[in-house]
Amino acid sequence: MEAEGRVPGPPLPPPSPGGGGGSGADPDPPAGVPGAARGPLLAAEVLALDDEEDDLEVFSKDTSLAEVNSFSPSMPISPSSMINQYKFEDEPELRDLFITVDDPESHITAIETFITYRVVTKTSRGEFDSSEYEVRRRYQDFLWLKSKLEEAHPTLIIPPLPEKFIMKGMVERFSDEFIETRRKALHKFLNRIADHPTLTFNEDFKIFLTAQAWELSSHKKQGPGLLSRMGQTVRAVASSVRGGVKNRPEIFTEMNNYMETFSQKINVLDKIAHRIYKEEREYFNEMKEYGPVHTLWSASEEDIADSLKGVASCIDKCCKATEKRMAGLSENLLPILHEYVLYSEILMFSEEIGKLEDKVECANNALKADWDRWKQNMQCDMRSTFTNVAENNLRYYEECLATWESFLASQTVDLHVEEDAEDRP
């Protein structure tokens, strides 16, 4: 069952990443380099499920999101990397809300099976009755929160949730790997909201973080509040004037044009990145078989046994380096690209809001401000992600190069020794 409760006490420092699948909220701005995951993704075909089965679905890691933190100067740096010369300016922010999503649990009832996640909140805000809360939430609770935010803030950019997907032909419905991927996506979703200057103070968001199970259930049954009705009104006005306003503000035309180009490019990058990952996995699988062949061959070739074993050792080391590189792609590049694919779908609504013109000028201004903020975060995310990928590639090639150079050096020494032996009378 879903056990929740408040833990009173003085304000506490932000939680740090730990074991048990949990991950603390990074105090840096919400952008940048994802944390570690359990391992590389598996390329798979996915099928969308019906809305009624949202709690029985875990989406493929091919389309997953991983939790994202800001660029860290402590990231391992390759000695010969040219990218070391680039530095991003950190803009420290005073944060007073830290959220961690961890500890997934499976619940089996007579009619359904579902997963809940522990949501731990630590805060020093005065509007909270306690400094720390611990509740359990299921996926449909996150969907409810997203819908409430969309109702209350129709002109703001609400962070996307992971899609409802399951691997085709998968026997185990609740794979640990898939659940972990969803946990990371939900963790990032909540921290994106917490970092937003407006969404973070939403009342439904506070209730989501603090309410016990029965309190949340009761709150869900209540009718729409004033903000929700206002949001519905704005959307209704937008719908009524759709196509009826010819002179839309130029800023919204520019935003829509930007998003059309961005959506096209980010979708292409997403597809190519997944294809590269798939080919990298195929190469990795071939490498795992390639090395042992040399080891077996050395048993029947005594004269070149050492050389064959050396090649096998090099292949094994490069195979491990390839596996780490694949993990970097699945943890750093693929999730951030796919998150912005989802963002590109959300942000196509800017044209609709633009048609409202002076009827909701304040809504236009709110969207413009949130647009600027989103664009800045996106650019920071992309810079950090591509920098991380570049560093991982450099480390990969340097490690493989050093491995083969060491092997060649040993073979050169052995060859000179043999030549000296032959020259002796």
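A search of the whole structure, which is a predicted model, finds 17 salt bridges, a salt bridge being a side-chain nitrogen of Lys or Arg within 4 Å of a carboxyl oxygen of Asp or Glu. Because the model is predicted, local features need pLDDT of at least 70 and side-chain atom pairs count only at pLDDT 80 or more, whereas totals for chains, interfaces and linings use all residues. Residues are numbered from 1 along each chain as its sequence is written, and side-chain values use heavy atoms, with hydrogens and water left out.

One of these salt bridges joins aspartate 195 to arginine 95, with the closest N and O atoms 3.2 Å apart. This pair links distant parts of the chain, 100 residues apart: aspartate 195 belongs to helix H2 (residues 176-195), and arginine 95 to the loop between strand S2 (46-48) and strand S3 (97-108). Helices (H or I, at least four residues) and strands (E, at least two) are DSSP runs, numbered from the N terminus. Aspartate 195 counts as buried at 13% relative accessibility, and arginine 95 is buried at 16%. Here buried means under 20% relative accessible area, exposed over 50%, and partly exposed in between (1.4 Å probe, protein chains only).

Another salt bridge brings together the side chains of lysine 220 and aspartate 141, at 2.4 Å from N to O. Lysine 220 lies in helix H4 (residues 213-221) and aspartate 141 in helix H1 (residues 139-152), 79 residues apart. Lysine 220 is partly exposed, with a relative accessible area of 28%, while aspartate 141 is buried, with 4%.

Glutamate 339 is buried at 2% relative accessible area, and arginine 192 is buried at 8%. Through shared partners, salt bridges join Lys188, Arg192, Glu339 and Asp381 into one network.

Turning to the aromatic residues, the structure holds 12 aromatic pairs. Rings of Phe, Tyr and Trp (its six-membered ring) pair if their centres lie within 6.5 Å; planes under 30 degrees apart count as stacked, over 60 as edge-to-face and the rest as tilted. Tryptophan 404 and phenylalanine 407 form an edge-to-face pair, 6.1 Å centre to centre with 90 degrees between the planes. Both lie in helix H9 (residues 361-423), 3 residues apart, about one turn of the helix. Tryptophan 404 is partly exposed at 31%, whereas phenylalanine 407 is buried at 14%. Elsewhere, Tyr258, Phe262, Tyr340, Tyr343, Trp371 and Trp374 form one aromatic cluster.

The largest nonpolar core has 35 residues, and those with the most contacts inside it are Phe262, Ile266, Leu337, Tyr340 and Trp374. A nonpolar core is a set of buried Ala, Val, Leu, Ile, Met, Phe, Trp, Tyr and Cys residues joined through side-chain atoms within 4.5 Å. Helix H6 (250-298), H7 and H9 each supply at least two residues of this core, and H7 gives the most, with 15 residues. Leaving aside neighbours within four places in sequence, leucine 337 is in contact (heavy atoms within 4.5 Å) with Ile266, Leu269, Asp270, Ala273 and Met382.
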